[in-house]
Amino acid sequence: MIQIRRKEGEKLIEFGGGANPKLSPQCQGGPDVCVDVRVCHNAEGKQTVDFTLDFNELFGDKISSNEFDAALAVFVLEHISWRKVPQFLSEVHRGLKGGGKVVFIGPNTENQMKYILSKNEWDGDEGSMMFGDLDYPENSHKTAFSPRSIVKLLQEAGFENIKVGPYGLELGELKIQTDMVVEAFKPVQGTPQNALEMLGEGVGSIQS
């Protein structure tokens, strides 16, 4: 469950929302900026992406420095080349205002492997979990994360006050939660912004 709690005038950006963004894109009259690697449309045929961006490259002048109060990326990082993830995180950091918050939801590969090893056979669910749906070229997994590795990467990109918690439903007899929610702040003097509040789907919440 994703709850958006924003103050008037705050500017939010979503990376990789595709045809089903969690925020409200400007191309549909909303207040937010939604970007993806390709132009997408919802079931009604309305465009859901304000502009395209290659997440493996520098953002350039498409996103200004200190532009946004908060950023959201749901199941995005795993689709970026492992060589380029540090650069992507640094670019997100650059685009946030001081005190700005970023929230990532993505796979906890450490727990995914525990879940797969707990099963007696391999099936399509595990293939999709590890490698992506592979229904179009960009929808493949190119990197893996554990709670420790994502914290280290975010720290190296300049973020602070990093929290990691479970996201999604429990799977298997071992009650393994295979996804995680991560929140972090760009340092600033004073109190961090609270534009986004992320809650796991009934299995452990993170609140700012």
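Me: A polar contact is a pair of N or O atoms within 3.5 Å, so in this predicted model, how far does the backbone nitrogen of K22 lie from a polar atom of the side chain of E14?

Reply: The distance is 2.9 Å, from the backbone nitrogen of K22 to a polar atom in the side chain of E14. E14 belongs to strand β2, and apart from neighbours within four places in sequence it is in contact with P21, K22, L23, V33, C34, V35 and L72.

Me: Which side chain of opposite charge is nearest to E14, and how far away is it?

Reply: A salt bridge needs a side-chain nitrogen of Lys or Arg within 4 Å of a carboxyl oxygen of Asp or Glu. For E14, which is buried, the nearest side chain of opposite charge is K22 at 5.1 Å, and E14 has no salt bridge.

Me: How many salt bridges does a search of the whole structure find?

Reply: The search finds eight salt bridges. One of them joins D69 and K97, whose closest N and O atoms are 3.5 Å apart, and this pair links distant parts of the chain, with D69 in strand β5 and K97 in strand β6, 28 residues apart. D69 is buried, with a relative accessible area of 7%, whereas K97 is partly exposed at 30%.

Me: Where in the chain do E183 and K163 lie?

Reply: The side chains of E183 and K163 meet in a salt bridge at 3.9 Å, N to O, and here too distant parts of the chain are linked, since E183 is in strand β8 (residues 176-185) and K163 in strand β7 (residues 160-171), 20 residues apart. E183 is buried, with a relative accessible area of 1%, while K163 counts as partly exposed at 40%. Together with K101, these two residues are linked in a network of salt bridges.

Me: Why are E91 and R94 separated by about one helical turn?

Reply: The general idea comes before the case. An α-helix has 3.6 residues a turn, so residues three or four places apart point the same way. E91 and R94 are separated by about one helical turn because they are three residues apart in helix α1, and their side chains meet in a salt bridge of 3.0 Å, N to O. E91 counts as buried at 9% relative accessibility, and R94 is partly exposed, with a relative accessible area of 23%.

Me: Against which elements do the buried residues of α1 pack?

Reply: They pack against β2 (12-15), β5 (68-74), β6 (96-107) and α4 (147-157). In α1 (residues 85-95), the buried residues are V85, F88, L89, E91, V92, H93 and G95.

Me: How many aromatic pairs are found in the whole structure?

Reply: Five aromatic pairs are found. F15 and F55 form an edge-to-face pair, with 5.8 Å from centre to centre and 80° between the planes. Because F15 lies in strand β2 and F55 in the loop between β4 (51-52) and β5, the pair ties together parts that are 40 residues apart in sequence. F15 is buried at 3% relative accessible area, as is F55 at 5%, and F15, F55, F59 and F88 form one aromatic cluster.

Notes. Residues are numbered from 1 along each chain as its sequence is written. This is a predicted model: local features need pLDDT of at least 70, side-chain atom pairs count only at pLDDT 80 or more; totals for chains, interfaces and linings use all residues. Side-chain values use heavy atoms; hydrogens and water are left out. Buried means under 20% relative accessible area, exposed over 50%, partly exposed in between (1.4 Å probe, protein chains only). Helices (H or I, at least four residues) and strands (E, at least two) are DSSP runs, numbered from the N terminus. Contact means heavy atoms within 4.5 Å. Lys and Arg count as positive and Asp and Glu as negative; His and the chain ends are not counted. A polar contact is a pair of N or O atoms within 3.5 Å; within protein, one must be able to donate a hydrogen and the other to accept it, and residues adjacent in sequence count only if both atoms are side-chain atoms. Rings of Phe, Tyr and Trp (its six-membered ring) pair if their centres lie within 6.5 Å; planes under 30 degrees apart count as stacked, over 60 as edge-to-face and the rest as tilted.
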